[in-house]
Amino acid sequence: MTSVTIPKPLRVDCGSSRKMACLMRAPFIGLVIAAAAPAAIAGPVTLIPGDLAVTYSVYAGLANPNTGLIGPYTTPNVVAGTTVLPINPPVTAVAGGAYPGIFNNTSVDGNFGVTSPIYFGQITNTGKFDSTTDLTALTGITTSFSSKSELALNLSTNGGALTFVGYNSPVGSLDRSNSNTPNHIDPSNTDTQDPTNRTVVQINPDGSFLVTNTNAYSGNNGRAAILAPNVNGTGQTQYLLTGNAGNGGSPPPVNIVNNTGVQLIARGSNNPETTVVGIRQGTPGNSTGFQYGFSVTQTNPLTNMPYGPADKSGKDNNYRGETIFDNTLYVTKGSGGNGINTVYQVGTPGILPTAAAAASTQINILPGFPTFLANVKTPPAPFAFGFFPFGVWFANANTLYVADEGDGVIAHASKDTVSGLEKWSFNGTQWVLDYTLQAGLGLGVDYSLDNYPATATDGLRNITGVVNADGTVTIYGATSTVSTSGDQGADPNEIVAITDVLADTTLPPGEMFSVLDGPQYGVVYRGIAFDPVPEPGSVTLLGAALLGLGVMRRRLRGYLSSQASSKRQPL
């Protein structure tokens, strides 16, 4: 299959021609490795108001195409036929450490993954990388390269900080994403890697960092975190996290079930234990029906009957995306065969959950969003292949954009009518799906890179957006993929953008996604947000920069398709 060569935008890194200017703007530089206690880290990140911020990873041992540098990282030391993988019962690796073949080890190790460095990039209003910072070198925190649900990047509720979740682990370590966490050991977990903290990293307006270790999400991964300063006017400052826990037998231990879903912890806490948010459902120790938060055994207000029979304990609250709008927390579930893949509201409108109220907090499906079970064999229209929400962004109180990742099946990518960017409107009673934006994403169309298996876009993962002065909104996102690789989470993906008329409720003609960056060999893009506001006096500057983003010069995939249509083939 012939690949398509997609032009890359010009990139300028602080380590190259703009080094002096970047250093002059940097507040100060420090270096520290994450330890058991939270650490404040003086960072060299120079935040640029109005720029898009992205978290991404480059496979260890490959050069970062945004800097041209490999960094202090080497190819993971995995030898086919020799390296014993950390799974019970033990197995021997069937592939070596080189990318992308290493992920063929998923055929013998269902927990397989390898940690890689985290980079923080800032994109200018021309679509090129303005700067890139190696966050792993500064903090010691890594990501599992192929774990597609990790590294969501969120602005704090006051717009003053960015947060994401990673692992307190060295680069090149195997199977961390299914490892136990300290103090939450599941003896039946098949992953035998050392217990590993899931760690919140906070990027402050002055470019410094705060690292807070947690014991949340044992046996699985933390996906997102949002900083809420002065929560509900109490003077408390906390992180609200989403993720999944559990990778063992049935019934799961209580300290695994209470370790999943929505968790909270005080910013900078010296105690890594988190608090689960949600009413306890079912009976501790049972194989089914024991949940904290939502349960399918709750009454569906539309039918006055349960949503479904009790299913696997701890798995109804396997959340991925999250956002806070009008002081209300919303989360999404879009993976796994249990529960309901949909959009949820956490607690009472206008009130964020706190440690004191966590045990009494209800988690409910937003009215109008899908209520069918994740394991249903024939989903209702228009969700022929299911509903797989990931990131969400409110344009206003009555307009919600939802990223749908797609189902990950190659044959479905070009046929799914709801994967991509869904627009939902509130009609006063419930939310209604207006339309789905897909043009320009090239769903199911191969964009193979040299030396990588056939790959195509399947939908979107994390998103953010901005309301423009002309009545439009511009939404930015990271794409999801389908491929013939050993692990689709390791596929090179893209950063894309689209502008939509906010008031429209029917699909307008001509709106098309454009590609801001990617795909690039060995690079996976994960989180996306706007840079935090450095100081109150910078609000005017931020507004001007956001206006510039509204007229960003973009590389249209449609143009590329017309220039290379003979080379692009459906997967």
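Mentor: A nonpolar core is a set of buried Ala, Val, Leu, Ile, Met, Phe, Trp, Tyr and Cys residues joined through side-chain atoms within 4.5 Å. Buried means under 20% relative accessible area, with a 1.4 Å probe and protein chains only. This is a predicted model, where local features need pLDDT of at least 70, side-chain atom pairs count only at pLDDT 80 or more, and totals for chains, interfaces and linings use all residues. Residues are numbered from 1 along each chain, and side-chain values use heavy atoms, leaving out hydrogens and water.

Trainee: Which residues touch the most other members of the largest nonpolar core?

Mentor: Out of 36 residues, they are Val262, Phe294, Leu329, Tyr344, Phe369, Leu400 and Val402. Strands (DSSP runs of E, at least two residues, numbered from the N terminus) that give two or more residues to this core include β21 and β22.

Trainee: How do side chains point along a strand such as β21?

Mentor: In a regular strand the side chains alternate between the two faces of the sheet. In β21 (residues 322-325), Glu322 and Ile324 point one way and Thr323 and Phe325 the other, and all are buried.

Trainee: In which sense do β21 and β22 pair?

Mentor: Strands pair if DSSP finds at least two bridges between them. Here the sense is antiparallel, over four bridges, with Glu322 opposite Val331.

Trainee: Where should I be careful?

Mentor: pLDDT is the predictor's confidence in each residue, from 0 to 100. Where pLDDT is low, the predicted coordinates should not be read in detail. The protein's mean is 88, but pLDDT stays under 50 over residues 1-37 and over residues 537-569.

Key: Contact = heavy atoms within 4.5 Å. Buried < 20%, exposed > 50% of the residue type's maximum accessible area, 1.4 Å probe, protein only.
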